[in-house]
Amino acid sequence: MSNSQIIRTNNAPSPVGPYNQAIAASGKLLFLAGQIPLHPETGEVVGENDISEQTQQVMKNIEAILEAAGANWQNVVKTTVFLSNLANFTPMNGVYAQYFNPETAPARACVEVSRLPKDVLVEIECIAVIS
């Protein structure tokens with residue numbers, strides 16, 4: 001991550017997944033709207049009832065937006081993952097982890113919500129910093 005610093009302290013709980021406690025960053029901020037597993041050409045939901053396939057499509061959608069802005073996964077400093085059921089955390093996390101180096105992964109929050117648009121299983125939003 002350019003122009004960013006990983007913040008770690010033993011005085012707070014260690015991360016329990018592919019994220020860091022905090023990121024200090026400077027540069028141009030890029031706020032990505034929450035992405036759901038829609039195919040960009042058809043607008044249809046991908047992977048009905050398959051959290052891994054849905055997460056993969058969400059990450060592809062985010063990657064396309066990052067690239068359009070001149071950024072990449074290393075520029076992401078914060079993500080928020082919304083799950084319709086926290087029982088899907090482990091498979092979602094397995095796909096999510098493929099996109100981030102554990103040492104430089106962004107800060108992250110993950111929450112269960114009562115419902116997501118089009119009744120999908122996952123939505124992810126993020127903030128990136130472009131130097």
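Q: Is Tyr-96 buried or exposed?
A: Tyr-96 is buried, because its relative accessibility is 0%. Buried means under 20% relative accessible area, exposed over 50%, partly exposed in between, with a 1.4 Å probe and protein chains only.

Q: Before we go on, what are we looking at?
A: This is a predicted model, where local features need pLDDT of at least 70, side-chain atom pairs count only at pLDDT 80 or more, and totals for chains, interfaces and linings use all residues. Residues are numbered from 1 along each chain as its sequence is written, and side-chain values use heavy atoms, with hydrogens and water left out.

Q: How many aromatic pairs are there?
A: Three. Rings of Phe, Tyr and Trp (its six-membered ring) pair if their centres lie within 6.5 Å; planes under 30 degrees apart count as stacked, over 60 as edge-to-face and the rest as tilted.

Q: How do Tyr-96 and Phe-100 pair, then? What are the distance and angle?
A: Their ring centres are 4.9 Å apart and the planes are at 45 degrees, so the pair is tilted. Phe-100 is buried too, at 7% relative accessible area.

Q: Which residues make up the cluster?
A: Trp-73, Tyr-96, Tyr-99 and Phe-100, linked by ring pairs.

Q: What sits over the ring of Tyr-96?
A: The charged end of Arg-108, 4.6 Å from the ring centre. The rule asks for NZ of Lys or CZ of Arg within 6 Å of the ring centre and within 35 degrees of the ring normal.

Q: And what does Asn-93 touch?
A: Gly-17, Pro-18 and Arg-108, leaving aside residues up to four places away in sequence. Contact means heavy atoms within 4.5 Å. Asn-93 is in helix H2, residues 89-96, and counts as buried at 14% relative accessibility. Helices (H or I, at least four residues) and strands (E, at least two) are DSSP runs, numbered from the N terminus.

Q: New topic: the sheet. What's the strand order?
A: S3-S6-S4-S5, an open sheet of four strands with mixed pairing. Two strands pair if DSSP finds at least two bridges between them.

Q: Which strands stand at the edges?
A: S3 (28-35) and S5 (107-112). Each has a single partner strand, so one side of each lacks a neighbour in the sheet.

Q: How do S4 and S5 pair?
A: In the parallel sense, over six bridges, with S4 covering residues 76-83. Leu-83 has Glu-112 in S5 as its bridge partner.

Q: Where does H2 lie?
A: Across S4, S5 and S6, at about 150 degrees to S5. Axes are lines fitted to C-alpha atoms, for helices over the stretch in contact, and angles run from 0 to 180 degrees between N-to-C directions.
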